[in-house]
Amino acid sequence: MTNHWIDLRNSDCILVMGANPAENHPISFRYVNQAKDNGAKLICVDPRITRTATSADIYAPLRSGTDIAFLGGMIKYILENRLFQEDYVGNYTNAPFIVGEEYGFEDGLFSGYDPDEKHYDKSRWAFETDDQGIPERDPTMQHKRCVLSLLRDHFARYDLKTVSMITGTSQESLMAVYETFTLTGAASKAGTVLYAMGWTQHTTGVQNIRAMSIIQLLLGNMGLAGGGINALRGENNVQGSTDHALLWGNWPGYLKVPRDSDHSLPAYNEKYASKNNDPLSVNWWQHYGKYSVSFLKSMFGAKATSENDFGYAWMPKCKDDRSYAWWQSFKSMYHDGIRGFFAWGMNPAVSCGNVSKIREALTKLDWMVHVNIFATETSDFWKGPNMKPEDIKTEVFSLPACTWVEKEGSITNSGRWMQWRYMGPRPRGQSRSDGHIMMELGSRLKALYAGGGVFPEPIRNLKWDYTTNGEFDPHKVAKEINGYFLEDVTVDGRTYRKGTLVPSFVLLQDDGSTSSGNWLYCASYTEAGNQAARQGQEDAPNKIGNYPEFAWAWPLNRRIIYNRASVDLRGKPINPEKWVVRFEGEEKSGKYTGGQWVGDVIDGGGLPLHHPDGSLNRDGRYPFIMRAHGVGQIFGPGLNDGPLPEHYEPLESPIAKNYMSPQRRNPLMRYSALLDKPATADPRFPIICTTYRLTEHWMTVTQAVPWNREIQPQVFVELSHELAAEKMISNGERVVVESSRGQLECVALVTHRFQLMQIVGKTVHHIGIPWHFGWRRQTSGNDESVNVLVAFAIDPSAEIPEYKAFMVNVHKK
Amino acid sequence: MSNGFFIDVTRCIACKACQIACKQWNNLPAEQTTNVGSYQNPPDFSAVTYKLVRMTESIVDGKFYGLYFPDQCRHCLLPPCLLWAQDSDAIYQDKDTGAVVYTSETQKLKAEDIIGVCPYDVPRRGKDGLLAKCTMCNDRVKRGMEPACVKTCPTDALNFGKLEEMQALASERLEKIKSIYPDAQLLDADDVRVIFLTAFAPQKYHRYAAAFDARPRKTR
């Protein structure tokens, strides 16, 4: 989230799309209801009338996988009717930037496409720059190659009729959503969007979010109270685990995992540190080297020295052109590339797409270590459906983990709040905390490598001192994540003593004199104590519910990121009613001579961009400090599959043609033909299917909890009355749902929550199935995971699989 | 004066947190259920299910409504069950809180009659012969805590406090919501301690949501 949960109450219009907060994040509705009490509108766009939709002022159905068409229509509507916030767009986004002549878009493809490699040459999308590398701008935004013009050209095709034909949303519903949400383009209004896996789990996943980011920038909603782009995380610490490098390509704090060709630390830092010559751009990633060196100091302690590149050579490198994402790992496992596997707090034998193949991949392992609070379909895969235990060689080790109430530590919620939890009861039986298990694993590996081995340095030199009296100590880890001064360090005349905790990441150094396990979390555990454990109830002077003394938010306890975009050029709040920050300046003859920002922790420091007399302030700062050019990216030349979002059909779709362009699917989409047999416009599979979670369960875990099973005992398919009549299916009876990958037996739930859709003039049925359930606990016969049906196609930027749209058929059992 | 609930179903999202919190606090076992073509489960109250979110779909003027009704004992001001039983060892009203409390002595009562007189069809008899229903978490309330269901409700659909405060809150909320839902109403507000606010006619939510014309009341 750019904002946070409580901040939802400040919104004037809440668009829920690709999410279902009433069911999956019920606590959010406390604040959604508060916003509604204050007159806010709630819009829900979803293929199904969810429990969120039933609370909404406007519900609009759409076909799974057509979000870009839907949002592209809104972009066109905003531009045509000039509903964007002109000052905001002109000053705080790259809308005035001039794009180079080599950029182009034709027949669904951007320029630079290599059809053999299925790859774009992104250099073709570069901005025109001056000799300092600073992009050329047209402040009037009239130039035919300025971003705003290109945006208008690109989305010209997204007219109501075409969008409606593709999405299945009626033109009236489209207009209702467009008109209502774009009212937040007014300076005194803020609109927010809540999204989750309904946007991400598509072969256009990243571009779905990009499309909405463009809208939020056009309407001037980024940085404001009640605005922003808000990803609802499906587990209470997904944000934290992502910050701490859950994903294969990251080091903690969104540093990059080095590639083979990044031969040395200086070369690595040079490659990833962002460069910019515009003095008004904070360009935060210029500090990359300070964070990477401090991280290596945390990894290897005293063993990391400037002579040995701080142990850079001991960190694993990825091959230059290879992905190590989830889907690639299972593909490798399937083809005998991976011999051993830790399934730690995960149940891929239920939760992964095309799950029959995933289970088959598990049979090819030599060993698997399963760490979980319960046995799962993954630990027990060898006795699952279609398995012959006698033929399976995989040795499975199960390590019992304790539950979250039985251990101490932090979680970071969707709003980036790091919150400290105390231990309740002690772990039962032989179960242990994840930290304890990890600590023990590391210690045993160190013992094994003590006598030698292949390339022992990374393990031998690993700093591994996070125990107190032999027990795992989460405070020691939290302090290491924050970071220490390793020598006396003097900055701006102030000396910080060796061995003390670093109070802010602006003090981190690239000479080995500081450590920090994750620069983003530097300031979370300081000499002033564990900031995450704070329980202060006082709100800040702006009274917008930021509660800065409760827990701690990264970065630097900033509660609304990009908050610098919430003020005008002179530092005055765009919306004084719900101001986030404001500049209280000392003024002399029309110029700021000093002053301070009050309210939230300001993004980037410095002074406002303009003096009170309207002249440019050379000590001013652009608002989007993490971007090299300091502005919001309406045109985003960094993504793999294009600088602007474009509608493509999902891997499997009911129509054989993309009505937006001749390019049917995302040209960079990937899937393994061996693992998957797609069925598009295939008469055998005419029904669109999507998957989701229920409020009654959490992931696959609560299957083991009787109270949860009582309220949702088993897998079911929701289908419309019309489809039920066509297939002669009655409510509550057993049916079979089939895709080109497999079959699922389940209960039919006949409902008005799914309605018929008109897609390109043809009537199409849409159905949906929750994915929590597996085969270990049967209620009536052959209950299974819906993921036996789901395709495994991959978004080219985030490499997330497309779980939300695939084609099926359904019949009576 | 004693306690009451105000249950604003227009804020309810059917997350069922109240239903589970009730099971947890009262240490009630899970029932073995199957999905019979509904999100509502268990299908009805039982001797081990005191709180139940009833879920119905309704099409009003062509628009879909998901109607959610977190059903429970109303702790009536003049409880028909108590009046019928005439046995304060089995059913009594707590003087401080107003909770209508069933004891193990309910074993001696004729269960069909007690269930039959309840206008809201709430009490159920367990295998042990005891009658059971919502206790208002009287054990919590007497120690200054809210009932478990109210404590856990994330959306302020469930509210608890002094009865007159709840009555005032209910009236205030009704006034506000009328502009959105002209048919909004408080259910039997003068007779119960658990005041429901519904957006539509109560029968749309559940046959026994309100007392009037639900079914013939037994009289002694």
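Which residues of helix H2 (residues 28-37) of chain A are buried? The views below take this up first. This is a predicted model, in which local features need pLDDT of at least 70 and side-chain atom pairs count only at pLDDT 80 or more, while totals for chains, interfaces and linings use all residues. Residues are numbered from 1 along each chain as its sequence is written, chains are lettered from A in the order in which they are written, and side-chain values use heavy atoms, with hydrogens and water left out.

**View 1. The buried residues of helix H2 of chain A.** In H2(A), A:Ser28, A:Phe29, A:Tyr31, A:Val32, A:Asn33 and A:Ala35 are buried (under 20% relative accessible area, 1.4 Å probe, protein chains only). These residues pack against strand S1 (13-17), helix H1 (21-24) and strand S2 (41-45) of chain A, contact meaning heavy atoms within 4.5 Å. Just after H2(A), A:Gly39 takes a positive phi of about 100°. Helices (H or I, at least four residues) and strands (E, at least two) are DSSP runs, numbered from the N terminus.

**View 2. The contact of helices H13 and H15 of chain A.** From H13(A), the contact is made by A:Phe330, A:Met333 and A:Tyr334, and from H15(A) by A:Lys357, A:Ile358, A:Glu360, A:Ala361 and A:Leu362.

**View 3. An open sheet of three strands in chain A.** The strands follow the order S15-S16-S23 with antiparallel pairing, where two strands pair if DSSP finds at least two bridges between them. Strand S15 (409-412) and strand S23 (552-553) of chain A are the edge strands, each pairing on one side only. S15(A) and strand S16 (residues 417-421) of chain A pair over four bridges, and A:Ile411 stands opposite A:Gln419 in S16(A).

Methods
Buried means under 20% relative accessible area, exposed over 50%, partly exposed in between (1.4 Å probe, protein chains only).
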